[in-house]
Amino acid sequence: GKSLSLICGALSWLRDWEEKRRQEEARLLALGASGQDGLTPQQARAGSADTAEEPDWVTAFVQKKEERDMVDRLKEEQIRRKKQEDRLEKIRHNVQLKYAAKRKRCEEDEAKRLLQLSKEALSQGAGEGVPDQLDHNEEELILAEYESDDEKKAVSGLEEDDDDLEEEHVTKIYYCSRTHSQLSQFVREVQKSPFGKDTRLVSLGSRQNLCVNEEVRHLGALQLINDRCMEMQKNKREKKSDEENEGKKRRVSRTVCPFYSYEQMQFLRDEVLVEVKDIEQLVSLGRETKACPYYGSRFAIPAAQLVVLPYQMLLHEPTRNAAGIKLKDQVVIIDEAHNLIDTIACIHSAEVSGSQLCCAHSQLSQYMERYRKRLKAKNLMYIKQILYLLERFVAMLGGNVNQNPGCQAVSQTGTVLKSINDFLFQSQIDNINLFKVQRYCEKSLISRKLFGFVERYGGPASAVKTNKENQKLAGLKNFLLTLQQGSDKEGDPPVEAEHDHLRTASPLMQIEGFLSALTNANQDGRVILNRQGTVGQSSLKFLLLNPAVHFAKVVEECRAVIIAGGTMQPMADFREQLLCCAGMDPARVVEFSCGHVIPPENILPIILCSGPSNQQLEFTYQTRDLPQMMDETGRILCNLCNVIPGGVVCFFPSYEYEKQVYGHWEKTGLLSRLAAKKKIFQEPKKANQVEQVLVEYAKCIKRCSQTGGQMTGALLLSVVGGKMSEGINFSDDLGRCVIMVGMPYPNIKSPELQEKMTWLDKTMPRAAGQAPSRVLIENLCMKAVNQSIGRAIRHQKDFASILLLDHRYARPAIFNKLPQWIRERTQVKPAFGSAFAELRKVRTCILCAA
């Protein structure tokens, strides 16, 4: 319902706005054709006021010229728009065009194949001589000559891109959500809506989701896929210039992407604009047309009316600019925005370990030694600066870059927070221009060159020319091996294979993000030095405190920003931390909240203050570990499972507490009593096991409802903020009761949270007598609660009971932060008996209805 409301509201506005604009254009063109004054009386008065001191004939001439220019511009726009509409209409109705494009593509592929065979035949006859003293294909590892921006400006006629003239962006709506599955769901809703046939929609995603080149896709890690793709494009551009400059020394042939064909991507763009497609359909079309969906979809942005994208892509300015997204006077809808503040902070924060810093220093030193004679002075200067930065970062952790980080013990363990300026001064890097270093890393692609170097010489089968070099590179290989072994010790949390590969093979990619974070303003962030055991285990982390600085540009440029979600309460922190801090006029902020579609009798929310044995329910850090609290929780669940049919979902504040309670119930025999009525499932820690647990849980409930008997369904033990608390639907029998054990307050001892609280108390005003830090803690807790309990009611005819097990929920400050549609129907029950009677009454009603 929420998606459809957003679609219909936003696209109705867009259709009406486009119609009004067309009528206004037609009026102005008609006036221009008849030679009348096209300006409104208000505009004319404003113009005369500005130029009161100028003679009348000058004012009249300027006005006439402005009118003529405006009419000419409108005529050009109309012609261009008509051409585009005609082209899309032709593609929509002319199937033969598609076959013609496909046939032309097959002919080109055949021609390329024959040309390649001819070249191979010629080269075999002539014999090959390699003019360079470097290994075959090693040229690509050498950094190109680098010029800074200042030097580039002095050279006339140099342009960064050789792209065609940019197409003008029509007024559009950018719709963002958190995951690709949520975006695909939204696109399917658009397809089903009344606007599905007439809307020009394009779905954007990362290369990881859209790349169709299997050679690149198998790299797995996003950073490696990005770098490989950029390298292939560069090879294509160099190939063109080499063909133009025949007669010069031949370069070694390099791989280019067969899908990066401008003509085919234009064809893909038109296909995307003609018919609404989600990401899966876009990828299939890319494979079929041999065109890159990643770039083809970007070509479609200017003409699209609705652009669907993950909100990380929109909120990160460099990514936004790279994608060609222009927010000026456009509409942005951010859906699933309950954790928007955390997401912005997370996108712009960065962490690097001591292992990564030492590893990057080792790799870069050896790269510089091997290619020192081939590198230009500017490259050497920047490489030395990066090496110095790495050296100083490791020194700040109490280590030495020339020793194995796994063997260096840290003398002073603990966590220290520093302002950005203090960190720069104490690490003695305040004399280095980090903006220039960051720009160099981006433009020279040094991390990709370094990754290629390590990939070539880090493996066991590689061989290099001299013994001296052999020793150095063997040292690098052994060093990488020790790092890899160090990360696989017992007790360490399991790490996904691709992240492990990324960490050992290309640490400089991670470090670039940290360098970029250090360019934030001093007051907006902190650097956390986390010294643990060895230098390798220690880390440097940049923490963004003020997300508004990165959201301000979105707010300033857009015509309107809609922050939407199914459960957005409490909303005060959006208004204060995000919008007011971004310089938004409070009068511009409009809050809208609508009730739920379900009738009042379909939901029974209860705040339970004490259990069956009159034990007061207060799950604080001090009391929740007591055996009597865990026993009381078990008794409540046993009683509820006796009367509630279908599925019961129970949320605990953390994985550790859920494990502790489960173990206690096993010892006391409570678990076997629960298992007699409901089959017990536990939320897995690994994301790839979630689907399997949910399928088994649903099967068990269905089987029990069909067969009857003593077993009435299933009990799922979940964790707040875990895999089951967001994006999962426990509709109908999957969730007839949701139980929240205690209040999931965040860990107040966390250095990051403490720093955020201090920053809020310094910068934000007190609200209703409460310190901003206290409000933050309560809001984080209640957002997590609201997100979890909202899993049960998923459609108009759904019904469920919600139990909040803690007397603190009845406090007015907390109670008022529940969603309005739940708050209005919530009953506070001091004793378990009256609450149980209400639940039995509901069950009787359900059975009667059945």
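Q: How many residues does helix α29 have, and what distance does α29 reach from its first C-alpha to its last?
A: In this predicted model, helix α29 runs over residues 690–707, which amounts to 18 residues. At 1.5 Å a residue the expected reach is 26 Å, and the helix comes close to that value, since from its first C-alpha to its last α29 reaches 26 Å.

Q: Why do the buried residues of α29 line one face of the helix?
A: The buried residues of α29 are V690, V693, L694, Y697, C700, I701 and C704. When the helix is seen down its axis, these buried residues line one face because they fall within an arc of 125 degrees.

Q: Which residues of α29 are exposed on the other side, and which strands are included in what covers its buried residues?
A: The cover over the buried residues of α29 includes β11 (646–652), β12 (678–682) and β13 (713–719). On the other side of the helix, the exposed residues are E691, Q692, K702, Q706 and T707.

Q: Is I341 buried or exposed?
A: I341 is found in helix α15, which covers residues 340–347. A residue counts as buried when its relative accessible area is under 20%. The relative accessible area of I341 is 10%, so this residue is buried.

Q: Which residues is I341 in contact with, leaving aside its neighbours within four places in sequence?
A: Along the chain, I341 and A548 are 207 residues apart, yet their C-alpha atoms are separated by 8.4 Å. With the neighbours within four places in sequence left aside, the contacts of I341 are P547, D573, F574, Q577 and L578.

Definitions and conventions: Residues are numbered from 1 along each chain as its sequence is written. This is a predicted model: local features need pLDDT of at least 70, side-chain atom pairs count only at pLDDT 80 or more; totals for chains, interfaces and linings use all residues. Side-chain values use heavy atoms; hydrogens and water are left out. Helices (H or I, at least four residues) and strands (E, at least two) are DSSP runs, numbered from the N terminus. The expected span of a helix is 1.5 Å times one less than its number of residues. Buried means under 20% relative accessible area, exposed over 50%, partly exposed in between (1.4 Å probe, protein chains only). The arc is that of the directions from the helix axis to the C-beta atoms. Contact means heavy atoms within 4.5 Å.
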